[in-house]
Amino acid sequence: MKILVPVKRVIDYNVKVRVRSDGTGVDLSNVKMSMNPFDEIAVEEAVRMKENGTATEVVAVSCGVTACQETLRTALAMGADRAILVSTDTELQPLGVAKLLQAICAREQPQLVLCGKQAIDDDANQTGQMLAALQGWPQATFASKIVVEGGEVCVTREVDGGLETLAFTLPGVVSTDLRLNEPRYATLPNIMKAKKKPLDVVPASELGVDLAPRLSTLKVVEPPARSAGIRVADVAELVARLRNEAKVI
Ligand code: AMP
């Protein structure tokens, strides 16, 4: 089974995001970028499947600017066999990425696409679902456990109040949730080895895909600052304030 793992380069989750002063978006200058955390989980799961003999090859793919190669090198250092950069300087939205991934699926013929459930920058939670629709493939989102056996995938999902288990026949798309696994750190020897693994660059323009944005960002604002709390003398004052000022009781 060949697994394709789409990995996105996003602002590192430890960075405090700053909104650009003109409100058009988030300031990306001099900001640490890393692999989307849910995609690290997807790479880890795919590599484990390779290690236990379920998968034969793990191919990481990233769509975006040249710097996405760093993200792909991380995937290679974690154990992916090879990587593909679909290079473009155009701003990508989930539908555009899904179409690029569809074109890569046509070339690579993976049996499983294992992506993150959402990118922590746009929080879209759309790309995997759109790819499944474009491919006409089954999908199971938010996986907390994945078992592949004889061409069938069983996916456990954490839903409100319990666990749901779905099964589908490959090929298909699965997206990863937080509790699926704990991704390994890329060790120094593996980072060195990753430099020699194949990384193909495919210009997005070669794939004949319409990347025109369908959404426009109107405004991005910081969350309102929390106002200071106050200390009340007793329960009577608390109740009075909740009733008369906050008007919540
Ligand atoms: P989103 O729909 O933007 O929340 O992203 C969901 C998942 O789609 C991510 O976790 C990635 O696995 C994949 N993805 C989104 N954008 C890209 C991209 N530019 N390159 C590769 N994979 C992506």
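**Exercise 1.** State the strand order of the open sheet and which strands lie at its edges.

*Solution.* Step 2: strand E9 (162–169) and strand E11 (199–203) are the edge strands, each pairing on one side only.

The model is predicted: local features need pLDDT of at least 70, side-chain atom pairs count only at pLDDT 80 or more, and totals for chains, interfaces and linings use all residues. Residues are numbered from 1 along each chain as its sequence is written, and side-chain values use heavy atoms, with hydrogens and water left out.

**Exercise 2.** Describe how E6 is joined to strand E10.

*Solution.* Step 1: E6 and strand E10 (residues 172–176) run parallel and are joined by 5 bridges. Step 2: one of the bridge partners is Gly-172 in E10, which is paired with Leu-112.

**Exercise 3.** Which residues and strands surround the ligand?

*Solution.* Step 1: the ligand is surrounded by 18 residues (a heavy atom within 4 Å), the closest being Asp-39, Ala-119, Asn-125, Gln-126 and Thr-127. Step 2: strand E4 (57–64) and strand E6 (112–116) each supply at least two residues of this shell; E4 gives the most, with 3 residues. Step 3: polar contacts are N or O pairs within 3.5 Å. An oxygen atom of the ligand lies 3.0 Å from a polar side-chain atom of Asn-36, and a ligand oxygen atom lies 3.0 Å from a backbone N or O atom of Gly-116.

Methods:
A polar contact is a pair of N or O atoms within 3.5 Å; within protein, one must be able to donate a hydrogen and the other to accept it, and residues adjacent in sequence count only if both atoms are side-chain atoms. Helices (H or I, at least four residues) and strands (E, at least two) are DSSP runs, numbered from the N terminus. Two strands pair if DSSP finds at least two bridges between them.
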